Amino acid sequence: MNKLFDITKFDSYKEDNRREVKKAKGGLPNSLWDTYSAFANCYGGVILLGVLENNDGSWRTTGLKKADQRKLLKDFWDTIYNRTKVSINLLSDNDVEVYEVGEDIVIVIYVPMAKREEKPVFINDDMFRNTFRRSHEGDYHCTRLQVKSMLRDQTENTMDMEVLDRVPMKDLNYETIQGYRNRHRTLRPGHPFERLTDEEYLRSIGAAAISDEDGELHPTAAGMLMFGNEYNIVRHFPEYFLDYREMLDPTIRWTDRLQSSSGEWSGNICDFYFRVYNKIIKDVKIPFRMEGGDRIDDTPVHKALREALANCLVNADFYGVRGVVIKKEVDKLVLENPGYIRTGKGQMRLGGISDPRNKTLLKMFNLINIGERAGSGVPNIFNVWEDQGWVEPVIEEQFAPDRTILTLEFRKKQAIKTSDKKQAIKTSDKKIRKKTAENMEKIREYLRENEGAKTSDIATYLGLSQARTRKIMSDMDDVIAVGANRNKQYKLTDTV
């Protein structure tokens, strides 16, 4: 955490999603606690008291003196221990430091990321109205949906363990179940579950459980998600949606698409996984290996793709909006799931801690040799991409709504260095840098999914300021503004 601030680099800092400055000349500012909540509910950050942001974004001290230190610190500690003001204190004495900058002092407060058991961190004794998160340089109120998501993630029993007391076993899709059992038999011959009846088997893998209400066997949420039919699944998870989009020809919007709501197939997670996996490996140009004279088509890349797809599904918040979206492009695979990263983005990349949002779904995938329980799946994906010489995978976490995005590119690093370094893309006779072009594509994708949106919504989605977002959209020929003033929305021209 101390890497976020070094007093010797004071003149080089600016506010961002991990750093915030407060004048504090008249005492502790109330906005301090908004930022405390926001940092705690995201990745942590550092708050500096006695500092002001100049018009150019640089910092200067505000004239706090040694005489102000005692009262400010006393008020701070008194308030942070006051449960009617702050829901939990995450700090120790070592998290607050005082520095001298010329004749002034600066108080530095390091706020750690809260554990999922401690979230949501809120203020003023009002969980649903005063829980904050950090986006770019500002703190914003969390929606009820986001707060409920944090509450669900507090417990050790994950959401997929719930017993659906009023759902009969016949509501499951037994064709999917038989396909799963056949894979299990093939991959684990002689497994103790092999001789069980279907109902005994489903209970053993966590897909069914005895209800406390009537003492009968009923599907669990995991069983319904994995083996149900979409029209039954959405009764329990109204926002449930699985979407595979193949975009290999720029002249065609979709070269292939698979949606759980189409009614042409079961729409459950098990069938989606195998259908999509077979599609995403079809064009992956990976040479086969030879072992003992036998051709081995199952390479580390195939295993990494299985891990990435399973990881996307078992960590999805199926109460969250927009659903699971898998996008296959010519040289890229993007996997998106609703829900923030329970362990934090850094820990996800580092590995070593397994904390899936749906533990029973993970168990079901593990039984057919898919997925890692040791938290090593994502680091393995990075290692495989490194071994192939491909561009490093990118993990993104978005809020409002919560989404986790993993991007896997099938392009060599060297090719990127020579062709894309400081690349300018010509669009409508204007040169646009690669990052701006990526933001433009994100805007198009967001507007396709939402059919229209206000600047504030798009800016939050991108993690940019509203001014910067408006500037980007002004350079897009396929985006127009509809309406005026407060009713103004942006839409794609082909939807108007």
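A polar contact is a pair of N or O atoms within 3.5 Å; within protein, one must be able to donate a hydrogen and the other to accept it, and residues adjacent in sequence count only if both atoms are side-chain atoms. Here is one to look up: the side chain of Q146 reaches the backbone nitrogen of T143 at 2.9 Å. The model you're looking at is predicted, so local features need pLDDT of at least 70 and side-chain atom pairs count only at pLDDT 80 or more, while totals for chains, interfaces and linings use all residues. Residues are numbered from 1 along each chain as its sequence is written, and side-chain values use heavy atoms, with hydrogens and water left out.

**Around Q146**

- Q146 is found in helix α3, residues 144–152; helices (H or I, at least four residues) and strands (E, at least two) are DSSP runs, numbered from the N terminus.
- At 4% relative accessibility, Q146 counts as buried (buried means under 20% relative accessible area, exposed over 50%, and partly exposed in between, with a 1.4 Å probe and protein chains only).
- Leaving aside residues up to four places away in sequence, Q146 touches R133, Y140, H141, F399, A400 and D402, where contact means heavy atoms within 4.5 Å.

- Strands of a sheet pair through backbone hydrogen bonds, either parallel or antiparallel.
- Strand β2 (residues 45–49) runs antiparallel to β6, and five bridges join them. In β6, V111 is the bridge partner of G45.

**Nonpolar cores**

- In soluble globular proteins, nonpolar side chains tend to be buried together.
- A nonpolar core is a set of buried Ala, Val, Leu, Ile, Met, Phe, Trp, Tyr and Cys residues joined through side-chain atoms within 4.5 Å.
- Which of the 67 residues in the largest nonpolar core touch the most other members? They are Y180, F227, I269, F318 and I326.
- Helix α9 gives the largest share of this core, nine residues.
- Apart from it lies another core, of 28 residues, among them A38, L64, L91 and V111.
- Back to I269: not counting residues up to four places away in sequence, I269 touches L225, M226, Y240, L242, L313, F318, L361 and F365.

**Helix α11**

- Helix α11 (residues 359–367) has seven of its nine residues buried, so it is largely enclosed by the rest of the structure.
- The buried ones are T360, L361, L362, M364, F365, N366 and L367.
- What do they pack against? Their partners are α4 (174–187), α5 (198–205), α6 (221–227), α8 (269–280) and α9 (300–314).

- Most residues other than glycine have a negative phi, and most peptide bonds are trans.
- N369 follows α11 and sits in the loop between α11 and α12 (377–388). Its phi is near 65°, a positive value in a residue other than glycine, and N369 is partly exposed at 41% relative accessible area.
- N124 has a positive phi too, of about 60°, although it is not a glycine. N124 is in the loop between β6 and β7 and counts as partly exposed at 37% relative accessibility.
- K119 and P120 are joined by a cis peptide bond, with omega about 0°. P120 lies in the loop between β6 (104–111) and β7 (132–135).

- C42 is in no disulfide, and the nearest cysteine sulfur, that of C142, is 7.3 Å away. C42 is buried, with a relative accessible area of 6%.
- The sulfur of C270 is 16 Å from the closest cysteine sulfur, in C312, so that's too far for a bond. C270 is buried as well, at 1% relative accessible area.

Terms used
A disulfide is a pair of cysteine sulfur atoms within 2.5 Å. Two strands pair if DSSP finds at least two bridges between them.
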